[in-house]
Amino acid sequence: MMPNPEQSALQLILASQSASRRAMLEAAGVPFVAQAPMVDEDAAKAALGDVAPRDLADALAELKALKVSQRAPQALVLGSDSLAVLEDGTILSKPRDREEAAAHLAMMSGKRHDLVSAAVIAEGGQAVWRHVDKARMIVRPLSPAFIEAYLDAEWPAIAGCVGCYRIEGPGVQLFSRVEGSQFTVLGMPLLPLLGYLRERQVLLA
């Protein structure tokens with residue numbers, strides 16, 4: 001159902017500049033505004049230390065939500081984060097440059113990895129809702145020629161993408177199989193989020 005402006009006085013703020021997360025909310029008919037959380041993710045990861053990928057994604061999503069919630073305590077603030085975790089436990093961050101993107105793709109070639117996506121909503125400077133989901137991504141064997149051609153087409157558009165792909169675009173060519181929610185792959189567990197927004201009357205039930 002579409003949102004009812006007269007029913008809800010709550011504003012939803014997306015603490016992200018992610019194009020895919022904005023597109024998901026827009027397509028679902030969710031009213032929101034976007035603000036950059038201004039979080040140093042590398043410093044945050046260093047401070048968190050050695051934690052499980054699920055906990056790391058959750059902590060980073062919460063950090064983003066809380067950062068914006070401190071500036072807008074009356075709103076619901078949605079923070080989200082995604083991590084790609086290789087079979088050996090290596091966590092891939094966003095590539096720093098094209099060379100590192102090529103290295104990440106070579107590491108993923110012919111193997112599976114888990115994409116962990118977390119969402120946290122903060123209100124009044126405190127986390128009030130959270131959800132973490134996981135999708136399993138099976139990457140087909142990628143030839144060096146394919147990787148170069150792929151990066152010619154997709155770099156630098158994928159510079160901000162964990163795993164170096166946009167599944168809604170040419171990135172789908174990397175995979176032989178995907179197990180899990182497409183929304184999780186896109187970077188946010190959307191269906192549980194919509195359920196909470198209905199509970200809070202941001203959306204009609």
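**Note on a predicted model: loops, strands, cores and rings**

1. Cys164 lies in the loop between α5 and β7, and since the model is a predicted one, what follows describes that prediction. The phi angle of Cys164 is near 65 degrees, a positive value in a residue other than glycine. With a relative accessible area of 0%, Cys164 is buried, because that value falls under 20%.

2. The loop between α5 and β7 is also the place of Pro156, and a cis peptide bond, with omega about 10 degrees, joins Trp155 to Pro156.

3. Met38 is another residue that has a positive phi, of about 55 degrees, although it is not a glycine. Met38 sits in the loop between β2 (33–34) and α2 (41–48), and with a relative accessible area of 64% Met38 counts as exposed, because that value is over 50%.

4. Turning to the strands, β5 (residues 112–123) holds Asp114 and is joined by twelve bridges to β6 (residues 126–139), the two running antiparallel. Glu123 stands opposite Gln126 of β6, and in the hairpin of β5 and β6, which has two residues between the strands, Gly124 takes a positive phi near 60 degrees. Strand β6 also pairs in the antiparallel sense with β7 (residues 175–179), over four bridges, and within this pairing Phe175 in β7 is the bridge partner of Val139.

5. Is Asp114 buried or exposed? Asp114 is buried, because its relative accessible area of 10% is under 20%. The side chain of Asp114 makes a polar contact with the side chain of Arg136, at 2.8 Å. Residues up to four places away in sequence aside, Asp114 touches Leu83, Ala84, Val85, Lys134, Ala135 and Arg136.

6. The largest nonpolar core has 45 residues, of which Leu25, Leu78, Leu105, Tyr165, Leu174, Leu193 and Leu197 touch the most other members. Helix α7 (residues 190–199) gives the most to this core, with five residues. When neighbours within four places in sequence are left aside, the contacts of Leu174 include Leu105 and Tyr165, together with Met108, Ile138, Val139, Arg140, Leu142, Phe146 and Tyr150.

7. The structure holds three aromatic pairs. In one of them, the rings of Phe146 and Tyr150 have their centres 5.8 Å apart and their planes at 15 degrees, so the pair is stacked. Why are Phe146 and Tyr150 separated by about one helical turn? The reason is that they are four residues apart in helix α5 (residues 144–154). Both Phe146 and Tyr150 are buried, and Arg140 lies over the face of Phe146, at 4.4 Å from the ring centre.

8. Tyr165 and Phe175 form an edge-to-face aromatic pair, with 4.8 Å from centre to centre and 85 degrees between the planes. This pair links distant parts of the chain, with Tyr165 in the loop between α5 and β7 and Phe175 in strand β7, ten residues apart. Tyr165 is buried, and Phe175 is buried as well.

Methods: Residues are numbered from 1 along each chain as its sequence is written. This is a predicted model: local features need pLDDT of at least 70, side-chain atom pairs count only at pLDDT 80 or more; totals for chains, interfaces and linings use all residues. Side-chain values use heavy atoms; hydrogens and water are left out. Buried means under 20% relative accessible area, exposed over 50%, partly exposed in between (1.4 Å probe, protein chains only). A polar contact is a pair of N or O atoms within 3.5 Å; within protein, one must be able to donate a hydrogen and the other to accept it, and residues adjacent in sequence count only if both atoms are side-chain atoms. Contact means heavy atoms within 4.5 Å. Two strands pair if DSSP finds at least two bridges between them. A nonpolar core is a set of buried Ala, Val, Leu, Ile, Met, Phe, Trp, Tyr and Cys residues joined through side-chain atoms within 4.5 Å. Rings of Phe, Tyr and Trp (its six-membered ring) pair if their centres lie within 6.5 Å; planes under 30 degrees apart count as stacked, over 60 as edge-to-face and the rest as tilted. A charge sits over a ring if NZ of Lys or CZ of Arg is within 6 Å of the ring centre and within 35 degrees of the ring normal.
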